[in-house]
Amino acid sequence: MIGSQDRATSPLPRMYYLWLAGALASILGDAVLYFALGWAAATHGGAVAGLVLTAINLPRVLLLIVGGTVGDRFGARRVMIAGDAVMLVGTTLLAAVSHHVGPAVWLLLATGVLVGVMDAFYLPASGSMPLRLVGKEALPRALAMRQGGAQLVTFVAGPLGGALVATVGLTGTALLNAATFAVILIVLTAVRPVFDIPPAKGSGSFVRDALDGVGTGMKDPVLRAALLVTGGVAGFLLPVVPLLLPLMAREEHWSAGWTGLLFGAQSLGLLGVTLVVMIRGTKSRPGLTAAVGVLVAAMGLGMLGSAPAAAIPSAILIGMGSGLFASHIGPLVLTSAPHSHLSRMQALLTLVQSVSLLAMNNILGNMARLTSPATAILACAAAIAVTGTAALCSRALRTTTTAPPTLRPPEEQSVTAAA
């Protein structure tokens with residue numbers, strides 16, 4: 001066990017830091033471009049803005065399983081290189097065309113479709129890269145570092161996007177995004193995953209391989225439980241801060257500055273947990289710890305809905321619970337999945353989150369309108385408490401522990417449920 005602990009806390013490979021720097025640059029460029037697309041679409045009215053968002057989200061949801069299957073068949077790194085090359089060309093064309101015709105509706109919709117399609121192929125491949133670069137023991141810290149970095153990038157993206165749109169418009173913002181794709185493209189040509197395995201051979205039928213990915217996620221008790229819990233968290237926890245908290249702020253007559261402070265408090269709790277995981281690694285029972293994180297978030301939601309005056313500690317608790325859950329469920333899914341199905345499992349995980357979030361955003365928004373934001377938040381607290389309790393009652397999640405440190409063949413390198 002000493003050897004395993006040493007590997008879990010030793011410095012991450014330099015290749016991972018190189019890839020992470022490029023990935024965060026790409027995330028920043030994407031976030032700024034999304035802001036610019038939304039801003040440009042809003043000038044045409046709410047209906048067009050909704051269509052542009054749909055143009056991004058719908059292809060992503062429909063093609064995620066296809067994208068995961070392609071990643072497993074042809075290799076995650078190859079898919080990412082191809083995706084970055086396509087987006088480099090696409091964002092450059094967006095800059096050129098928008099410079100001449102402006103933010104035309106057809107251009108915004110075409111860009112949205114391109115982004116959604118490429119996300120469906122890119123996200124599953126990118127999600128599997130940390131395991132391929134750092135191996136199993138260091139994976140929790142690697143994922144925590146990526147999560148923390150993405151959170152910080154998101155902080156920067158909002159003000160940066162607003163400044164860029166105000167100064168250089170959609171054209172300049174698209175050029176910036178093209179530059180980030182060029183950066184990550186160069187990085188990917190230099191990165192060689194140490195723990196990578198050859199692409200899966202497949203069954204000969206693309207559809208059969210895609211369905212096999214879904215079947216694997218549903219049949220494996222750990223993966224099935226993790227996916228179901230993730231769906232619950234995505235539907236009842238993720239919409240609270242971006243959707244219900246602003247609605248509550250308006251009802252309670254909170255200022256924009258105070259509401260922003262609450263957003264920061266939630267991020268502070270999340271980043272605090274992420275920092276601890278980066279330094280010390282995850283607990284030996286990741287499923288159990290993830291379930292505890294869900295219950296901590298439920299406590300924060302309950303406090304927020306019933307006692308708005310305690311909004312800051314409530315937001316911190318929500319962030320801590322979210323951080324505990326995310327930092328443990330991610331490594332659990334990656335290490336439980338067969339190495340031949342890594343991209344497909346990432347696709348399935350993203351699909352579960354996307355579908356659940358799309359559905360509950362509308363339901364919770366209407367619930368807040370018909371009752372009150374506080375009532376909607378309390379409903380989320382109850383649902384998250386049930387989700388966390390169900391996770392604790394799941395033997396597959398509760399008893400799953402990290403694998404012993406002995407080096408084993410790739411197909412055997414997965415977490416196992418304790419007897």
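**Salt bridges and surface**

Asp72, Asp212 and Arg344 are linked in a network of salt bridges. The model is a predicted one.

Me: How far apart are the closest N and O atoms of Arg344 and Asp72?
Reply: Side chains of opposite charge can pair when their charged atoms come close. Arg344 sits in helix H14 and Asp72 in helix H3, 272 residues apart. Both residues are buried. Their closest N and O atoms are separated by 2.7 Å.

Me: Is Asp212 buried, partly exposed or exposed?
Reply: Asp212 meets Arg344 in a salt bridge, at 3.9 Å from N to O. Arg344 is in helix H14 and Asp212 in helix H8. Buried means under 20% relative accessible area, and exposed means over 50%. Asp212 has 36%, so the residue is partly exposed.

Me: Which helix holds Asp209?
Reply: Arg73 and Asp209 form a salt bridge, 2.9 Å from N to O. The pair ties together parts 136 residues apart in sequence, because Arg73 lies in helix H3 and its partner in another helix, residues 206-219. For Asp209 that is helix H8.

Me: Is Cys380 buried or exposed?
Reply: The cut-off for buried is under 20% relative accessible area. Cys380 has a relative accessible area of 0%. So Cys380 is buried.

Me: Which helix does Leu152 lie in?
Reply: Leu152, Phe155 and Val156 make a nonpolar surface patch of about 270 Å². Leu152 is partly exposed, at 48% relative accessible area. Its helix spans residues 139-167 and is H6.

Terms used
Residues numbered from 1 in each chain as written. Predicted model: local features only at pLDDT ≥ 70, side-chain atom pairs only at ≥ 80, totals over all residues. Heavy atoms only, no water. Buried < 20%, exposed > 50% of the residue type's maximum accessible area, 1.4 Å probe, protein only. Patch = residues over 30% accessible without salt bridge, like charges linked within 9 Å, V, L, I, M, F, W, Y side chains within 5 Å. Areas by Shrake-Rupley, 256 points an atom, 1.4 Å probe, with all protein chains shown as cover. Salt bridge = Lys/Arg side-chain N within 4 Å of Asp/Glu carboxyl O. Helix = DSSP H or I, 4+ residues; strand = E, 2+ residues; numbered from the N terminus.
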